[in-house]
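Please look through this structure alongside the notes below. The points are numbered and can be read in order.

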Amino acid sequence: MAAPALPIVWKDAAGENNYEKERVDRIFNAIKPNRYPRAIIKATHPSHVQEAVQLANKLQCRVSVRSGGHSWAAWSVRDDAILIDLEGLHEIDLDEDKTIVKASPSTTGAMLNEVLVPKGLMFGGGHCPDVGIGGFLLQGGMGWNCKNWGWACEQIVALDVVTAAGEALHCSETENSDLLWCARGAGPGFPAIVTRFYLKTRQRPAVMYRSTFIYPISVYKTVMDWITKISPTSDPGNEIVAVGLTPKGMNEICIMAHIVTFQESESAAREALRPLDESRPVGALVELVSQPTSIADQYVDQAHANPENHRYCADNAYIKNDADVTGVLEKAFTSLPHRKSFALWFSMVPTSRRPMPDMACSMQSDHYFALYTVWEDAEDDVRCQGWVKNIMREVAPMSEGAYLGDSDFQVRRTKFWSDAAAAKLMSLRRKWDPKGTVSGYLDEGDASGTEGLDNQNWIKS
Ligand SMILES: Cc1cc2nc3c(=O)[nH]c(=O)nc-3n(C[C@H](O)[C@H](O)[C@H](O)COP(=O)(O)OP(=O)(O)OC[C@H]3O[C@@H](n4cnc5c(N)ncnc54)[C@H](O)[C@@H]3O)c2cc1C
């Protein structure tokens, strides 16, 4: 069957059109960018991606890509580019014998698990249900139980792409393998457009349990010292976070320790949580000790913590392994600028202690720290964004670098890769996209082009 005609909406078309709606369609952050693509193509057929790139090359402009629309800084919206929106490409095709799933990049973690979980499988996608696997996997992907299961991008066995020259290619360990290397951690600098991922799935653990303890912020030091000390030797099914937040129904900032465990039986789950349950500091305001949960329940909690139609500013750092983590993060956890904002510490050991697989994703430490600053009114923009900048100015010197997925290179740059991986990545980008057809890293003024990022520290004053 012939492909349908290219569905394109031009910025300068006369009369009524959907340009503004499509420009920011599905952009999660309510702060919409002042950047205006030349046209938007809502691809409904893989050939549309190829046609879009060929058109951009003919017009000598760039393309940009939107999969799930969850980039905090709306990287898909670029001045004068042809924006390729992949929402209309739907594919989730599971090979049950090989437990490999083929999925289109706009597939969300929740969509994927809806298909996999009933088959006794799962995919450790983003913690929020509606994050697209496109942007998530390309950045490395801090998915469920990343602490123990490793980076989500390690599950990519192959991908189909359209190159900057408009050619459709399959990439695997044996074909065009340097594009597979890039797809595991290049983030928005991936020098092609992914139209399909081939992903290893994992056996779905039979049960999920959780323990959650909420404390007044006055005992921040006790709780943080405890959780950072106990996490490295905790059971390999345990995902462990500490969160500074204002819980629903309370009026003060608190610190929450939250452990989710993935296990084969109820008794194994209780056993995995027991050392944490038994050693927890006294004085909690809320205690949920070893309770059954599910991926669906956890998605609900995550979606509640990250509400739609809100303004967001995220930033993050991998805190050095030998740092006084409790001291370094104290200000962030105790001075949140809005009751919907939260600060996160995410234990990464033992993943952070293995030799990294050979892939672009190459930066990590035992301690992942992120700010998810959430607010409602535009009049709070300067205050909330200024708070993030001030916190990061103090935290950054104690960090190794940062994760692409929670970063905005217009505001702050740091190391996102090892020096060797960064040099290889920037050179592969120039090999595969010598003219800079695929919009890469959105830095200040969108100027990085084929040079990419310099993998150095920089904070906008
Ligand atoms: C509420 C929320 C929760 C999150 N939770 C997590 C989490 O648990 N773990 C985590 O690691 N991250 C998380 N993130 C960060 C998230 O992974 C990134 O924002 C990611 O970019 C989202 O992917 P997307 O496809 O939805 O975004 P998009 O905005 O569609 O894509 C971002 C960019 O990635 C590139 N890209 C996307 N698709 C393609 C493609 N097919 N081909 C080539 N380039 C492409 C493009 O440069 C694009 O502009 C979260 C973000 C939000 C908003």
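1. Ala 402 sits in the loop between β19 (399-401) and β20 (412-413). Helices (H or I, at least four residues) and strands (E, at least two) are DSSP runs, numbered from the N terminus. Ala 402 is buried, with a relative accessible area of 2%. Buried means under 20% relative accessible area, exposed over 50%, and partly exposed in between (1.4 Å probe, protein chains only). Leaving aside neighbours within four places in sequence, Ala 402 is in contact with residues including Asn 316, Tyr 318, Met 363, Arg 412 and Phe 416. Contact means heavy atoms within 4.5 Å. From Ala 402 to Ser 341 the separation is 61 residues in sequence and 20 Å in space, C-alpha to C-alpha.

2. A word on the basis. The model is predicted, so local features need pLDDT of at least 70 and side-chain atom pairs count only at pLDDT 80 or more, while totals for chains, interfaces and linings use all residues. Residues are numbered from 1 along each chain as its sequence is written, and side-chain values use heavy atoms, with hydrogens and water left out.

3. Which residues have the most contacts inside the largest nonpolar core? They are Phe 190 and Trp 417, in a core of 72 residues. Such a core is a set of buried Ala, Val, Leu, Ile, Met, Phe, Trp, Tyr and Cys residues joined through side-chain atoms within 4.5 Å. Helix α12 (residues 419-432) gives the most to this core, with six residues. Phe 190 touches Leu 138, Leu 159, Val 161, Leu 179, Cys 182, Ala 183 and Val 438, not counting residues up to four places away in sequence. Apart from this core lies another, of 39 residues, among them Val 223, Met 224, Trp 345 and Val 388.

4. Now α7 (220-230). Its buried residues include Tyr 220, Val 223, Met 224, Trp 226 and Ile 230. Their cover includes β12 (207-216), β13, β14 (254-263), α8 (266-279), α10 and β17. Ser 231 counts as buried, at 0% relative accessibility. Beyond four places in sequence, Ser 231 is in contact with Lys 147, Ile 240, Trp 345 and Ser 347.

5. Helices α10 (residues 325-334) and α11 (residues 381-395) have axes that come within 10 Å and cross at roughly 175 degrees. That makes α10 roughly antiparallel to α11; the term covers angles over 145 degrees, with under 35 roughly parallel, 65 to 115 roughly perpendicular and the rest oblique. Axes are lines fitted to C-alpha atoms, for helices over the stretch in contact, and angles run from 0 to 180 degrees between N-to-C directions. Val 328, Lys 331 and Ala 332 of α10 meet Trp 387, Ile 391, Glu 394 and Val 395 of α11.

6. Some backbone points deserve a look. A cis peptide bond joins Val 349 and Pro 350, with omega about 15 degrees. Pro 350 is in the loop between β17 (342-347) and β18 (367-375). Gln 60 is not a glycine, yet has a positive phi of about 55 degrees. Gln 60 lies in the loop between α2 (46-59) and β3 (63-66). Ala 74 also has a positive phi, near 55 degrees.
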